[in-house]
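Me: I'd like to learn how to read a few features off a model. Can we go through one together?

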Amino acid sequence: MAESSSLEHPGLDKAAGEEFLQEAFQILLEEAVRKGMDATEKVCDWREPQELQELLDLELRSHGEPRQRVLERCRDVIRYSVKTCHPRFFNQLFSGLDHHALVGRMITEALNTSQYTYEIAPVFVLMEEVVLAKLRELVGWSSGDGIFSPGGSISNMYAMNVARYRRFPDSKRKGSWALPRLALFTSQESHYSIQKGAAFLGIGTDNIYLVGVDERGKMIPEELEKEIERAKAEGAVPFFVSATCGTTVLGAFDPLGSIADVCQRHGIWFHVDAAWGGSALLSRKHRHLLTGIERADSVAWNPHKMLMVGLQCSAFLLRDSSGLLQRCHGASATYLFQPDKFYDVSYDTGDKTVQCGRRVDCLKLWLLWKAVGTEGLERRVDRAFAFTRYLAEEVKRREGFQLVLEPEFINLCFWFVPPSLRGKEGSADYWSRLGKVSVGATVLRPAPSKP
Amino acid sequence: MFVFSGHPRFFNQLYAGIDYYSLAARFITEALNPSVYTYEVSPVFLLVEEAVIKKMIEFIGWEEGDGIFNPGGSVSNMYAMNLARYKFCPEIKEKGLSGLPRLVLFTSEECHYSMKKAASFLGIGTENVYFIKTDERGKMIPEELEKQGSAPFLVCATAGTTVLGAFDPLDKIANICEKHGLWLHVDASWGGSALISKKHCKLLHGIHRADSVAWNPHKMLMAGIQCCALLVKDNSGLLKKCYSAKAAYLFQQDKFYDVNYDTGDKSIQCSRRPDAFKFWLMWKALGTTGLEERVNRALALARYLVEEIKKREGFQLLLEPEYANVCFWYIPPSLRKMEEGPEFWQKLHQVAPVIKERMMKKGSMMLGYQPHRGKVNFFRQVIISPQVSREDMDFLLDEMERLAKDL
């Protein structure tokens, strides 16, 4: 596709470009989507890093390449990539492929826009508000606020920052220098983004008080109370509690009602990291796991995990509807958020975020939801639970497999005990030898065969 | 109402147009849906990211370095701010800021507003961002920087400011930073792509003296939103030390491959999109020369537009642009005889919003307007896409006349 350097004419060959797109699309449909979801194909085509570097010919050069060569590269990239949509990809807290969501993602890419103002992304600004309202409804709030952010880690950071701002509004301008030592609380099983958040926000990882969990990985509310008292006695100011709904490894749900009681008593911001477990709210049968979530001040929920909408799709939801998010993050840049626009500028929601340019993450979720309905999403969630139950029973039945604990969500944790180690639980090096065998926790979330 | 940023008359933001290679790459990554934290889950995209970072570093002029792709230039600026803070006082990662002496940072009056958002997010506080004066062309005045009393932990220069497209004088600023041992970050989110052009890279002369650089290929190079890199001169693992949390469920040390390839712990994010790939595929297809032609073409068209504006009655340039931002007023016939006093400016201020409304309701084109530094609402025309030609520039001026002649 040679580009003309003459300014008289467009410097882009649209016909050739569209042909290239068509060909690339056929390749990805066949190699990434069809084969990717085929159980008879490999999940991954393993290569050592150095070998893969050579195979891919990564070097960027001064001259371009002919179209066929570029298409070959597309094939190679797909071939050597892990097929996260494969029915036997269980490695992370996301997997599978939903065709509606994929279409939503492709439309998003073709439109290539940022989501800061109504003038730039009218459809998506409105859509985001509708989707967030729906998620809030499932949480149990009839009003509130929120935004989509680039990941659960950042959603958790938003919560931390808004909590700090509410407690100490001056800190936005003055910083945290003159503040007393702040203390935040989360369970020992919480996601590591709480640590990264505390460091990033200038709060300090030492000021995270890790609360003990029971044998099922759930936060113990009495321990939370103790830690809060301890922090106060040390002269720190507790400002943030993060409970987890669906911990990363064990899939445990903290007891939200009791934790809410503690937070209320002490006047501390109650955040629920439901990045993983939030989707259980869609299931009438299983939503009891999150009983009490409506008492939270903020919730993080990632539809890109269990709902398979595609990375990234992470909602930061806020119970407050007084504009706290806007006050906390707003900077009123005059080149974007002019007050004299010809439409109602309260639709320009971009100033609520810490980002400037921001991807459109709502379309893929909205399109999927429109296609399958809340009922369709509920069926998926219920199906994943049912399969987990099935696998747990099979694990118990089979010799050599040992459950770590009974799952309450869809994380199934087990050991495979090879024949040579069976019956040797008493020996001193049993666990270290077993540790060399194990592949760690597995997460069962089969892609549904029908939407 | 639907807005298509790929349209040849979409000039509203610092991104525009469509690159077919980037789009194909984006379709591929959507279909594959990977997360770039570990080699085991994302072998190709992780290696691609490392290769792209290495190439971008080469253009900055460093022998070696480090970097990561982020969800936005604003986030890249935050990374740089936090990294500089960590270098200054590594204890802050564990202890936080409470009780420490207040740190300040310097940036220009024309900097991107993400500097303020970053300062408050990171706990530094917006009051501790000191804005250094700029000259009439929107460039930071180095002497003003030197005059400041307190010692900042970070100085942020901008290469390609958002509104005027100005480039701070990096060599002079680097001299001051070196003299006082200050971390120099260059926010080249918008202007960084000029580095690809042998003709125009002099705008960023001195950038190799920076400690960190933010550069967004999704802007001038049309790599697709988002594609934003933070590049760091340090090669001692500072980025990783600053950001890592060593989560045992992702970054196990007993894996069957070399875990140095698991670069995800350098990030504040956990799951992360493969944003470097679309840039890589486009670069492979076009080559550096193809990308360079794009930058040169955009700036040549900007030059053409400037000449046309000077020729036409009723159009007035704000200043001679040095990049792809062409800032101008349209003065409708009814105001042309008026003297340039407060009444004139007040009336002119009201013109741009009306023209904007009309162009959007007609759907013929889109460009942005804003007031800036005491100047009333003016238009900011931004040229990026190779699809745009002289015809579109002529159209822009003709259409503006058509839309506004009755004002």
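Me: Which cysteine sulfur is closest to the sulfur of C362(A), and how far away is it?
Reply: Keep in mind that this is a predicted model. As a general idea, a disulfide is a covalent bond between the sulfur atoms of two cysteines. Here, the closest cysteine sulfur to that of C362(A) belongs to C313(A), at 8.1 Å, which is too far for a bond.

Me: Why are R69(A) and E72(A) separated by about one helical turn?
Reply: Because they are three residues apart in helix α3 (residues 67–80) of chain A. R69(A) is partly exposed, with a relative accessible area of 26%, and E72(A) is partly exposed too, at 42%.

Me: Which parts of chain B does the pair R9(B) and D392(B) tie together?
Reply: The two side chains meet in a salt bridge at 2.7 Å, N to O. R9(B) lies in the segment before β1 (10–11) and D392(B) in helix α13 (residues 390–404), so the pair ties together parts of chain B that are 383 residues apart in sequence. As for accessibility, R9(B) counts as buried at 15%, and D392(B) counts as buried at 5%.

Me: Where does D398(B) find its salt-bridge partner?
Reply: At R312(B), with the closest N and O atoms 2.7 Å apart. This pair also links distant parts of the chain: D398(B) sits in helix α13 of chain B and R312(B) in the loop between α9 and β9 (315–317), 86 residues apart. D398(B) counts as partly exposed, at 29% relative accessibility.

Me: Now for the interface. How do I read the area buried between chain B and chain A?
Reply: The size of an interface is often given as the accessible area lost when the parts come together. For chain B and chain A that area is about 11000 Å², with carbon and sulfur atoms giving 60% of it. Y20(B), F121(B) and K284(B) supply 8% of what chain B buries against chain A, more than any other three residues. The contact takes 122 residues from chain B and 126 residues from chain A.

Me: How many salt bridges are counted between chain B and chain A?
Reply: The count is 12. One of them pairs R173(A) with E127(B), the closest N and O atoms being 2.5 Å apart. Helix α9 (residues 276–311) of chain B gives the largest share of the side of chain B that touches chain A, 15 residues. The polar contacts across this interface come to 68 residue pairs.

Me: Last one: which residue does UniProt list as a modified residue?
Reply: The unreviewed UniProt entry lists K219(B) as N6-(pyridoxal phosphate)lysine. K219(B) is in the loop between β7 (212–215) and β8 (228–232) of chain B, and is buried, with a relative accessible area of 15%. Leaving aside neighbours within four places in sequence, the contacts of K219(B) include Y15(B), W190(B) and I384(B).

Terms used
Residues are numbered from 1 along each chain as its sequence is written. Chains are lettered from A and ligands numbered from 1 in the order in which they are written. This is a predicted model: local features need pLDDT of at least 70, side-chain atom pairs count only at pLDDT 80 or more; totals for chains, interfaces and linings use all residues. Side-chain values use heavy atoms; hydrogens and water are left out. UniProt positions are given in the numbering used here, feature names are shortened, and annotations may be inferred rather than shown by experiment. Helices (H or I, at least four residues) and strands (E, at least two) are DSSP runs, numbered from the N terminus. Buried means under 20% relative accessible area, exposed over 50%, partly exposed in between (1.4 Å probe, protein chains only). Contact means heavy atoms within 4.5 Å. A disulfide is a pair of cysteine sulfur atoms within 2.5 Å. Buried area is the accessible area (1.4 Å probe) that two parts lose on being put together, summed over both. A salt bridge is a side-chain nitrogen of Lys or Arg within 4 Å of a carboxyl oxygen of Asp or Glu. A polar contact is a pair of N or O atoms within 3.5 Å; within protein, one must be able to donate a hydrogen and the other to accept it, and residues adjacent in sequence count only if both atoms are side-chain atoms.
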